[in-house]
Amino acid sequence: CNGGSDGKIIVSATGGTPPYSFFSSGGVLNTTGIFPVLNSGNYIVTVTDDNGCTAIKSAIVNQPSAISLSNPSVSDVQCNGGATGQIIVSAAGGTGTITFSISPNIGSQSPSGTFTGLTAQTYTVTATDANSCTVIKSATVNQPLPIIISTPSVTNADCNGSSTGKVVVSATGGTGAITYSISPNIGTQSPSGTFNGLTAQTYTVTAIDGNSCSTTTTVTVSQPSAIIVTSSVTNTSCSGGSDGKIIFTASGGTSPYTFKLGATSNTTGSFLNLSAGTYSCSVTDNNGCVAVNTTTVGQPLAIVITPSVSNVLCFGGATGKVILSATGGTGTITYSILPNIGTQSPLGTFNGLTAQTYVFTATDANGCTKTVSATVGEPTPIVFSTPSVTNAQCNGGATGKVIVSATGGTGAITYSILPNIGTQNPSGTFNGLTAQ
């Protein structure tokens with residue numbers, strides 16, 4: 001090797017008077033003529049025989065040219081923590097073919113001097129020729145700073161099921177400009193790191209530098225729970241009434257809530273003085289999210305009264321009768337009559353009525369009322385025509401006669417006479433009467 005000390009000179013002698021002794025200009029005396037462990041250079045060997053006669057011989061120990069190892073060509077790792085570094089070296093001089101090795105021994109070894117798949121660190125490259133002579137050089141493979149994503153800024157969705165979420169990210173390190181992407185790929189994509197129009201879910205945000213190195217982070221966009229609106233309904237007391245009531249209650253979303261029913265809004269959810277019908281209440285929370293509840297205010301069936309009338313039997317009498325029946329309303333129905341004469345009956349039977357028109361009122365358990373009028377009739381009065389009288393023919397005789405007739409009343413009219421003497425005749429002819 002160049003600069004080595006493994007050169008050798010071997011000298012042999014003939015003639016003279018042996019034995020011989022050999023002395024080199026390097027200061028070595030021996031009887032073998034072999035001089036090892038020599039550096040390169042010019043040497044003079046003196047041979048002396050047994051009689052002291054001498055001979056001189058010069059010799060040259062040569063060496064190969066020094067191995068010259070080029071400065072390593074280094075390609076740094078593209079991504080922090082990666083194994084894409086490369087070192088390329090070349091060499092000249094030495095003896096025969098030169099091969100190369102690297103330490104630490106990682107990546108792809110290459111006797112030709114190209115080393116790939118290297119991580120970031122300092123390496124020692126060794127060039128070795130055919131005589132195993134070596135030369136070494138160190139080379140450092142660097143790497144960029146790691147890409148670090150800062151804690152994402154998250155704006156949650158305003159409303160359950162809405163797409164108003166937002167994520168803003170930024171990153172440092174890496175090489176060159178960093179761009180960003182998000183998965184699932186919804187909403188508004190933004191290489192600058194701002195992502196709008198997101199629904200509630202977990203996203204993976206990726207930061208990519210100029211070398212296509214990347215790192216990811218997960219971020220969750222939340223949402224309020226859905227607004228749930230329930231209702232408690234009080235139906236109207238009476239058919240056609242306006243005392244119905246609805247109390248709406250909201251949960252979920254973001255309180256406080258505003259309740260709107262028609263043109264009326266409040267924060268209590270209580271709506272009074274409602275008539276029967278279907279109502280839709282719009283509930284808006286503090287984020288402007290809206291839920292709708294539709295409910296119905298009912299009403300009892302209308303009270304319907306059916307009167308059954310029995311007229312007065314005789315003109316001017318008080319034998320009239322009205323029986324009422326009713327449907328609808330709520331609970332037990334009671335009844336009253338005006339004018340308040342005869343026998344009152346909350347159960348709906350009214351006796352002892354004279355001929356006239358009455359107003360009946362049915363009242364249910366809620367105090368709802370319904371009126372109906374009914375007329376109790378009576379027959380026309382019985383009116384006698386002027387009796388036809390035939391006097392008795394003789395004093396004290398019983399030959400008198402009376403004939404009567406009448407109109408009015410009801411049905412066939414029959415007749416009787418008092419004192420009951422003579423011949424009775426329901427048809428109105430009475431014979432055999434005495435004078436009286």
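Which residues lie nearest the centre of the largest pocket, and how many residues line it?

Mentor: Happy to, with two notes before we start. This is a predicted model, where local features need pLDDT of at least 70 and side-chain atom pairs count only at pLDDT 80 or more, while totals for chains, interfaces and linings use all residues. Residues are numbered from 1 along each chain as its sequence is written, and side-chain values use heavy atoms, with hydrogens and water left out.

Now to your pocket. A pocket here is an open set of points on a 1 Å grid over the protein atoms alone, where a 1.4 Å probe fits and protein lies on both sides within 12 Å along at least five of seven lines; a lining residue has an atom within 4 Å of a point. The volume is about 220 Å³ for the largest pocket (the space filled by probe spheres set on the points, which are joined across faces, edges and corners). Its lining consists of 15 residues, and V402, L433, T434, A435 and Q436 are those nearest the centre. Two elements, β37 (388-390) and β38 (400-403), each give two or more residues to this lining (strands are DSSP runs of E, at least two residues, numbered from the N terminus). β38 gives the most, with three residues. By class, the lining holds nine nonpolar residues, five polar and one charged (Ala, Val, Leu, Ile, Met, Phe, Trp, Tyr, Cys and Pro count as nonpolar, Asp, Glu, Lys and Arg as charged, and the others, Gly among them, as polar).

Of its 14 lining residues, A13, T14, Y20, V47 and A55 are closest to the centre. Here β5 (41-48) and β6 (54-61) are the elements that each give two or more residues, and β6 gives the most, with three. The lining has six nonpolar, six polar and two charged residues.

Next come the aromatic rings. Across the whole structure there are four aromatic pairs (rings of Phe, Tyr and Trp, its six-membered ring, with centres within 6.5 Å; planes under 30 degrees apart are stacked, over 60 edge-to-face, the rest tilted). One of them is the tilted pair of Y358 and F360, at 6.2 Å centre to centre with 40° between the planes. Y358 counts as buried because its relative accessibility is 0% (buried means under 20% relative accessible area, exposed over 50%, partly exposed in between, with a 1.4 Å probe and protein chains only). F360 is also buried, because its relative accessible area is 0%. F384 and Y415 form another tilted pair, 6.2 Å centre to centre and 50° between the planes. This pair links distant parts of the chain, 31 residues apart: F384 sits in strand β36 (residues 383-384), and Y415 in the loop between β39 (406-407) and β40 (429-433). F384 is exposed because its relative accessibility is 55%, whereas Y415 is buried, because its value is 14%. Back at the other pair, F350, Y358 and F360 are linked by ring pairs into a cluster.

Seven bridges hold β30 and β31 (residues 320-327) together, and S310 has K321 in β31 as its bridge partner.

Another open sheet of three strands has the order β16-β17-β20, again with antiparallel pairing. β16 (153-155) and β20 (194-198) each have a single partner strand, so one side of each is left without a neighbour in the sheet. Its neighbouring strands are turned by 10° against each other on average, direction ignored. V168 has T194 in β20 as its bridge partner.

Lastly, find β9 (residues 85-88), where G85 and I87 make up a covered face, and Q86 and I88 an uncovered one. Q86 is the bridge partner of S75, while I88 stands opposite T114 in β12.

Methods. Helices (H or I, at least four residues) and strands (E, at least two) are DSSP runs, numbered from the N terminus. Two strands pair if DSSP finds at least two bridges between them. Axes are lines fitted to C-alpha atoms, for helices over the stretch in contact, and angles run from 0 to 180 degrees between N-to-C directions.
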